[in-house]
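Subject: A structure to look through

Dear colleague,

I am passing on a structure for you to read alongside this message. Please open it first, and then follow the notes below with the chains in view.

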2 protein chains.
Amino acid sequence: MPTEDPAGKPPARSLRADARRNQETLLAAAARVFVTSGVDAPIRQIAAEAGVGTGTIYRHFPTRADLVTAVYRHQIEACAQAGPSLLAESDSPFEALHRWIDLFVDFLVTKHGLADALQSDSDRFAALHTYFLDRLVPVCGDLLDAAVGAGAIRPGVQPYELMRGVGNLCIGRDSDPRYDPRRLIALLLQGLRPLPQA
Amino acid sequence: MPTEDPAGKPPARSLRADARRNQETLLAAAARVFVTSGVDAPIRQIAAEAGVGTGTIYRHFPTRADLVTAVYRHQIEACAQAGPSLLAESDSPFEALHRWIDLFVDFLVTKHGLADALQSDSDRFAALHTYFLDRLVPVCGDLLDAAVGAGAIRPGVQPYELMRGVGNLCIGRDSDPRYDPRRLIALLLQGLRPLPQA
DNA sequence: TACTATCCGGAACAAGGTTCCGTTTTGTCA
DNA sequence: TGACAAAACGGAACCTTGTTCCGGATAGTA
């Protein structure tokens with residue numbers, strides 16, 4: 001079955017040699033360009049950096065989201081897998097949740113424009129939104145459940161809305177000294193704790 | 001002094017008759033288009049709706065932010081002025097803050113794409129960001145100070161970061177049943193309350 | 001080596017933002 | 001009222017970016 005999963009992961013071993021070579025060149029070039037120009041960088045710029053034509057990019061990564069997820073797949077995966085580990089090694093489920101969210105935030109804020117893209121109105125990134133959520137919402141759900149079970153937070157918060165809220169809080173110009181998303185996210189997590197008196 | 005404030009408010013009574021006429025036509029047309037196509041609507045579409053050339057739009061509103069602020073000036077103003085009123089009439093400063101934030105959120109979520117534009121990476125909307133904050137941050141600051149003074153929330157939160165956080169939480173596709181910005185904003189405000197012990 | 005399926009490059013098209021300038025309108029003054 | 005200069009208009013033209021398409025190059029195979 002030659003159809004790939006919707007997130008555009010590198011197709012297996014059936015490509016022609018030049019195709020596979022270009023695919024790797026493209027991933028490396030895109031990673032470099034994303035650092036300097038953000039995930040919104042013009043296709044032509046990425047093509048130039050890789051030394052290929054624009055058609056080649058579209059053939060390998062039909063949508064921009066495919067390219068972005070391919071570039072960051074490893075980190076998304078690492079984030080997903082960190083959930084259970086943190087739950088096991090942290091002193092409390094709440095701490096595990098907090099540390100996991102911090103991990104996610106670190107990932108977002110170090111990738112210029114990634115948080116913006118995640119919530120972008122345009123359909124250009126819809127698949128990116130979907131991929132992130134499909135992969136991370138279940139992990140977040142487990143952490144939330146554990147924290148609720150321990151009585152550390154109130155029930156009723158959905159993982160989807162928490163993830164999306166956290167992602168939203170990371171949006172915007174990087175490195176504005178007046179705005180540190182982590183501060184607000186910490187406040188938001190505080191807001192999840194049980195109310196002092198019934 | 002004929003210089004205008006940087007937010008592009010309608011210049012005073014010194015325009016030629018046709019210019020003033022066009023300016024009003026444009027504001028009305030833009031308001032209509034924003035409702036259906038969002039504040040990102042193509043300039044040409046607004047020009048067509050108003051029955052003028054694109055040059056005319058740029059002459060009256062050099063940047064898109066100028067047009068947007070001109071269209072929504074009244075509502076921004078109303079929001080700013082609601083701050084002191086709410087403080088006077090609410091049962092507590094915390095309630096006043098909460099109600100004021102709700103007002104702000106209502107404004108943002110009913111204007112398709114406005115919250116997105118506010119935090120947009122591109123410079124296209126930089127002046128919009130500035131205008132909103134210049135006008136509303138002081139109001140928010142007063143409400144915060146009052147709530148801190150009453151012991152209803154912890155000190156240390158800056159009005160800028162709160163406004164921006166709230167704005168950020170409003171970003172995204174409208175009317176996703178899984179995501180209600182108000183829920184998370186309420187949680188965030190809960191997170192501002194003093195910690196139970198210590 | 002010859003053949004074909006695959007892949008490549010970049011020209012070409014579409015859409016939107018922005019600028020520019022020849023033309024039209026307005027207001028004023030004789 | 002007629003003429004004139006300043007102000008404003010309209011939209012063609014240009015630029016950037018996304019996306020498609022196809023003639024030509026190339027890898028794998030017989």
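Buried area, as the term is used here, is the accessible area that two parts lose on being put together, found with a 1.4 Å probe and summed over both parts. In this model, which is predicted, chain A and chain B bury about 3100 Å² between them, and 51% of that area lies on carbon and sulfur atoms. At this interface, 33 residues of chain A are in contact with 33 residues of chain B, and the rule for salt bridges finds 4 of them across it. One salt bridge joins Asp176(A) to Arg164(B), with the closest N and O atoms 3.3 Å apart.

How are the two chains related to each other? Chain A can be laid on chain B with an RMSD of 0.1 Å, by a turn of 179° and a shift of 0.0 Å along the axis, and that is the relation of a two-fold axis. Within chain A, the C-alpha nearest this axis belongs to Gly191(A), at 1.8 Å from it. The same surface serves both copies, since 100% of the contact residues of chain A recur in chain B.

Next, please look at helix α8 of chain A, which covers residues 159-169. All 11 of its 11 residues are buried, so the helix is largely enclosed by the rest of the structure; among them are Tyr160(A), Glu161(A), Met163(A) and Arg164(A). What covers these buried residues comes from both chains, and includes α5, α6, α7 and α9 of chain A together with α8 and α9 of chain B.

Helix α1 of chain B, residues 17-37, gives another picture to work through. With 21 residues, α1(B) reaches 30 Å from its first C-alpha to its last, which is close to the 30 Å expected at 1.5 Å a residue. Its buried residues are Ala19(B), Gln23(B), Leu26(B), Ala29(B), Ala30(B), Val33(B) and Phe34(B), and, seen down the axis of the helix, they fall within an arc of 145°, so they line one face of it. After α1(B) comes Gly38(B), whose phi is positive, near 80°.

With best wishes

Methods. Residues numbered from 1 in each chain as written. Chains lettered and ligands numbered in written order. Predicted model: local features only at pLDDT ≥ 70, side-chain atom pairs only at ≥ 80, totals over all residues. Heavy atoms only, no water. Buried < 20%, exposed > 50% of the residue type's maximum accessible area, 1.4 Å probe, protein only. Helix = DSSP H or I, 4+ residues; strand = E, 2+ residues; numbered from the N terminus. Contact = heavy atoms within 4.5 Å. Expected span 1.5 Å × (residues − 1). Arc of directions from axis to C-beta. Least-squares fit on C-alpha atoms with pLDDT ≥ 70 in both. Salt bridge = Lys/Arg side-chain N within 4 Å of Asp/Glu carboxyl O.
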